[in-house]
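Me: I would like to learn how to read a structure like this one. Please go through it with me step by step.

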Amino acid sequence: MSLMSEVGQKAFNLGVPIAVHMDVTYRCNERCVHCYLDHDDHGEMTTAEIKDALDQLAEAGVFFLTFSGGEVFMRRDFFEIVEHARHLMFNVKIKTNAVMIHEKEARRIRELGVDTIQISVYSHRPEVHDAITKLPHSFDRTIKAIRFLREQGLRVTIANVLMTVNSSDHSGVQKLAAELGVQYTLDPTITPMMDGDTSVLSLRIPGEELPEIFHNPALVGSQEEFCAPPKPPSEEDLEGYSCSAGHSFCYISPYGDVFPCVQFPLPTGNIRQRKFLDIWNFSPEMKEVRSIQAKDLTVCSSCSHVTSCTRCPGLAYVEGSMRGPSTADCEKSFYRTGVPTENMLRQGLSKPRTISGTTATLIQIRPIAVPA
Amino acid sequence: MPENCIYIARSSAIAARALAGEMMVMNSADSTFFTLNEVATAIFQAADGHTALRDIVRDQVCEQFDVDPEQAQADAEQFVAELSSHGILLVSSQPLSSEAP
């Protein structure tokens, strides 16, 4: 186990929120076809409120802090926020589309000691990228920004969200990342929109195409390891927990709402009304998320994939129960290994149903009303 | 550089946070990651740039932990040299200020 993993496990065991993802705005200068956010400003936290929140997070033991959005640079005070975060000695990562980063901004990011900048690039073909972001010339601006950041010696990661309209472009983007000297990550997850609209799910790569991705060593590393059939779970495995959501990680929206994860729209409290540590330690919702062990899962506890599945409790919650299966992850487990999941077997399915037509009940991540 | 005039300050490039009494430290320049034990954490926290290392060892280490002063000074110097080589601590014969990001 690496030192980083050891520390992560220690924080998990102690219930310390070692990592927090904070969206500072939902406003954005791009209108990506797959985006799940409502870009209107419904009352974002002020600079002072965010600084106060950061003070509280530092006191709570948060070390890894990711700023995201929306587009973070839509906030004119963003550098002031990052400066405060770095003064508090957080390890800061920024997720951005980078179109507003020029030489001056790149230099400032380096001066502030930001650890990593993750940038969305959808295709190596400008016309495909721009068609997804709906912002003309966004590809050129983003790539130019990556070069500025690299000139400053900064660590950059290209995040390549794959969907139907760019599913064949991953190798081109990977090559582009290598040319630019940056890391590459791929994500085939498309999330329903915040207002419950599931139409964006039609952009999800059809399950039948997932094996091509999961069996590509350039994307997943050791295919033998990644696609290995699941091992039977031990008793210890069944005592285990799904992921770090609510245990050592949480998400804070631009409105101050605290959730177990960015993909887990269960409101647990608002830092405009309660102290962060009060929410983290005593929120009944957070405690419930924290209590769920593999053996408590209604279907997955008897699934052969239970120890290796990427089951997301947030997506399961969106589907109806945080203890239930996450269909998208059932699909991934099946197409990764070829072994049917318990969820499929119970429904008498030999292969997963297409997910794009789901009518799952969705709960919107939206601001909780705060008295003026 | 004589040991009695070493001043140490934390670099502005680092991130740090205490977890159950031990300090996690990461240098964003090269992503090196360390965890410091309680004694090292005490020295790291006292690295304000204008307190001499010998005073930190005397007031923070010998005062709080049951250690031999000479051994503590030698260990502290070795620890400072290692963290300095990774850009975590700045070392000078003159008082210096912790860099603001």
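**Reading chain B**

Reply: In α1(B), the residues B:A40, B:A42, B:I43 and B:F44 are buried. A residue is buried if 20 or more other C-beta atoms lie within 10 Å of its own, exposed if 12 or fewer, and partly exposed in between, with C-beta atoms placed from the backbone. This is a predicted model, in which local features need pLDDT of at least 70 and side-chain atom pairs count only at pLDDT 80 or more, while totals for chains, interfaces and linings use all residues. Residues are numbered from 1 along each chain as its sequence is written, and chains are lettered from A and ligands numbered from 1 in the order in which they are written.

Me: What do the buried residues of α1(B) pack against?

Reply: They pack against β3 (22–27), β4 (32–36), α2 and α3 of chain B. Such labels are DSSP runs numbered from the N terminus: helices are H or I with at least four residues, strands are E with at least two.

Me: How many helices and strands does chain B have?

Reply: Chain B has three helices and six strands. Their order from the N terminus on is β-β-β-β-α-β-α-α-β. The radius of gyration of chain B is 13 Å, close to the 13 Å that the globule rule gives for 101 residues, so chain B is as compact as a globular protein of that length. That radius is taken over C-alpha atoms, and the rule is 2.2 Å times the number of residues to the power 0.38. The C-alpha trace of chain B spans about 35 × 30 × 20 Å along its principal axes. Of the 101 residues in chain B, 32% are buried.

Me: How are two packed helices described?

Reply: By the angle between their axes and the distance between the axes. Axes are lines fitted to C-alpha atoms, for helices over the stretch in contact, and angles run from 0 to 180 degrees between N-to-C directions. Angles under 35 degrees count as roughly parallel, over 145 as roughly antiparallel, 65 to 115 as roughly perpendicular and the rest as oblique. The axes of α1(B), residues 38–45, and α2(B) come within 10 Å and cross at roughly 150°. That makes α1(B) roughly antiparallel to α2(B).

Me: Which residues of α1(B) and α2(B) meet?

Reply: B:V39, B:A42 and B:I43 in α1(B) meet B:I56, B:Q60, B:V61 and B:Q64 in α2(B). Two residues are in contact if their C-beta atoms, placed from the backbone, lie within 7 Å. By class, this contact has five nonpolar, two polar and no charged residues. Ala, Val, Leu, Ile, Met, Phe, Trp, Tyr, Cys and Pro count as nonpolar, Asp, Glu, Lys and Arg as charged, and the others, Gly among them, as polar.

Me: At what angle do α2(B) and α3(B) pack?

Reply: Helix α2(B), residues 53–64, and helix α3(B), residues 69–85, pack at about 120°, with their axes 10 Å apart. The two helices are therefore oblique to each other. Residues that make the contact include B:L53 and B:V57 of α2(B) and B:A72 and B:A76 of α3(B). Its residues divide into eight nonpolar, one polar and one charged.

Me: Is B:A9 buried, exposed or partly exposed?

Reply: B:A9 lies in strand β1 (residues 7–10) of chain B. It has 19 C-beta neighbours inside 10 Å, so B:A9 counts as partly exposed. B:A9 and B:D48 are 39 residues apart in sequence, and 5.1 Å apart in space, C-alpha to C-alpha.
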